[in-house]
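Please look through the sequence and the model below before reading on. The notes that follow go from the overall form to a single residue.

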Amino acid sequence: MKSLSSVFWILVVVILFYVGFKVVPIYYKGIFGIRGICKENADVYHKWGENYVINDISEKLGRMGIPEDNSDFTIDRTDDSVVIWIYYADDATFLDRYTKHFELEYECEGVLKSVY
């Protein structure tokens, strides 16, 4: 009976590692990656301008491994602030039978004028 319990727990651990191996990179890119890109570009918008931010976001998303087909971003400028929205979608396939679709997005705001 003890060996059956051990096999069960080993199987549970293997399944957890397999699911984690598929899902953790998607959440890492979607939570930490796009959040960092968004905040960084919202902070430098007032200094470098819209064209720089557009190119920088596209380049950093590509470097992170997020293709242009799976991502989208918008830059909205108001009178005193800039709002950047980044969207990321990806799929994880488990054992070639089940596919889970993930959609993650983040919105951040930056100032247009820096006051020193």
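**Briefing on the predicted protein model**

The protein has a radius of gyration of 20 Å, whereas a compact globule of 116 residues would have one near 13 Å; this radius is taken over C-alpha atoms, and the globule rule is 2.2 Å times the number of residues to the power 0.38. This is a predicted model, in which local features need pLDDT of at least 70 and side-chain atom pairs count only at pLDDT 80 or more, while totals for chains, interfaces and linings use all residues. Residues are numbered from 1 along each chain as its sequence is written, and side-chain values use heavy atoms, with hydrogens and water left out.

**Overall form**
- Taken along the principal axes, the box filled by the C-alpha atoms is roughly 70 × 30 × 20 Å.
- The protein holds 2 helices and 3 strands, in the order α-α-β-β-β from the N terminus, where helices (H or I, at least four residues) and strands (E, at least two) are DSSP runs numbered from the N terminus.

**Burial and contacts**
- Of the 116 residues, 30% are buried, a word that stands for under 20% relative accessible area with a 1.4 Å probe, counting protein chains only.
- Among contacts (heavy atoms within 4.5 Å) with a separation of 6 or more, 55% join residues 24 or more positions apart.

**Lysine 60**
- Lysine 60 lies in helix α2, which spans residues 50-64, and is buried, with a relative accessible area of 17%.
- Leaving aside residues up to four places away in sequence, Lysine 60 touches Ile37 and Glu40.

Conventions:
Buried < 20%, exposed > 50% of the residue type's maximum accessible area, 1.4 Å probe, protein only.
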